[in-house]
Amino acid sequence: MIADALRNLELGTVPMATPTGRLVGASGLLLEAVGCPLHTGQRCQIETVGGDWLDAQVVGFRDKVSYLMPFKKAVGLTTGARVLPSPDKINLQIGSSWLGRMVNGIGEPIDGLGKLSGDFPLDSQPPRINPLKKKPVTEPLDVGVRAINSMLTLGRGQRVGLMAGSGVGKSVLLGLMTRQTVADVVVVGLIGERSREVREFVDMSLGKEGLQKAVLVIAPADESPLMRIMATELCHSIAAHYRDQGKNVLLLVDSLTRYAMALREVALALGEPPATKGYPPSVFSALPQLVESAGNGENQVGSMSAIYTVLAEGDDQQDPVVDTARAILDGHIVLTRELAERGHYPAIDIGQSISRCMSQVITQDHMLAARALKASMSRHDRVRDLIPLGAYVPGADPVTDRAVMLHPRVEQFLCQGTKEEAPYEPCINQLETLMR
């Protein structure tokens, strides 16, 4: 039988040799290999002194030298170590079994619940959608936050950024929206955040019931920049899969800034010159490519709404990543330290925030009430500093008088506790009643 099998075996199917490279350099984040041709994006394995193998990916080349970056901390490497190319495609299969699970940036489960399986192949790169075939945003998205539902209404398929400095409440607001947003599937990307916050997000923001319809892609701050980049792209691919299956998907990424920082680390290691605030030009071309993979697809049934947190370093709203995100997203919700220090939660600055899809998904009465509330807040801001000094005298301007009288009720309306629920329809009714 063996002889018959050997006779039937085609010579072309027998591998003549295994291409093997050699490690010739290791500097910072980059490893240098020579000896076999490698293409960008290809995965490799590098032999360590203990006989183990370290996974890495090709991120660039120059002449005959290929530049690799490891997925995990590089320990035990030596010059001349063998470098073996991995298969071009790492086959990930996705299905309903992924719901309730947690994976890392390369799709490996990290929750100790066994291997993942599925019926559909999953590409680690998010799919591209023809802009002329995208499903338009026509339905409101209930996120359970009164200030957003009423004043900054979002639509199914919209992409929006939560922008603020550190410690102002982005992650807490994201958790509130996670618990209350109406969606079939929730995909969460925890990118570059503190490891402590991962378990807190699972237990407090999602809970057991929320976890059953969620997929978490986790790459905390101690992961390599390459793993953080791949985790961000993988959560977009997962969300796009469920969207194309006809599900209403909510994608949460905390945070987009950490993704940009990881891109900066890789680009600077490859020798790309820094441009704005240390960010190389390639970062600002990669951000639109990532964001444009979110949103609705060609399927008229499913939807994919995306919410990104964006860190404004030093509370600078002109930070290059914040400015880029503001330009490429469908809206931005600005949280200010001033409101947070006054005990106003969530600390959303209605005047600086905008939802570009709001006019497409709300009624005319809702729009008029929201504009009236915004105008009232603007009037009050003009005389805010005069009131404690006694310099404001009522009676000169009836519109301003009404704004001052209405302000305590407006503040109460826009504030919300972390455990308080605020469904969409009651929010609109409260807004219209307030402004009559």
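**Helix H3.** I started with helix H3, residues 170-180, in this predicted model. I counted 8 of its 11 residues as buried, so I noted H3 as largely enclosed by the rest of the structure. Which residues of H3 are buried? I listed Lys170, Leu173, Leu174, Gly175, Leu176, Met177, Thr178 and Gln180.

**Helices H12 and H13.** Next I turned to a helix pair. For two packed helices, I wanted the angle between their axes and the distance between the axes. Helix H12 covers residues 398-414 and helix H13 covers residues 424-434. I found them packing at an angle of about 175 degrees, with axes 11 Å apart. Angles over 145 degrees count as roughly antiparallel, so H12 is roughly antiparallel to H13.

I then looked up who makes the contact. From H12, I wrote down Leu406, Arg409, Val410 and Phe413. Their partners in H13 are Cys427, Gln430, Leu431 and Leu434. Sorting the residues of this contact gave me 6 nonpolar, 1 polar and 1 charged.

**The barrel.** My last stop was the strands. How many strands close into the barrel, and in what order? I found 6 strands, running E1-E2-E5-E4-E3-E6, with antiparallel pairing. From one strand to the next, the twist averages 45 degrees.

I also checked where E1 meets E6. Strand E1 (residues 21-27) pairs with strand E6 (residues 82-85) in the antiparallel sense, over 2 bridges. What stands opposite arginine 22? I noted arginine 82, in E6.

Conventions
Residues are numbered from 1 along each chain as its sequence is written. This is a predicted model: local features need pLDDT of at least 70, side-chain atom pairs count only at pLDDT 80 or more; totals for chains, interfaces and linings use all residues. Side-chain values use heavy atoms; hydrogens and water are left out. Buried means under 20% relative accessible area, exposed over 50%, partly exposed in between (1.4 Å probe, protein chains only). Helices (H or I, at least four residues) and strands (E, at least two) are DSSP runs, numbered from the N terminus. Axes are lines fitted to C-alpha atoms, for helices over the stretch in contact, and angles run from 0 to 180 degrees between N-to-C directions. Angles under 35 degrees count as roughly parallel, over 145 as roughly antiparallel, 65 to 115 as roughly perpendicular and the rest as oblique. Contact means heavy atoms within 4.5 Å. Ala, Val, Leu, Ile, Met, Phe, Trp, Tyr, Cys and Pro count as nonpolar, Asp, Glu, Lys and Arg as charged, and the others, Gly among them, as polar. Two strands pair if DSSP finds at least two bridges between them.
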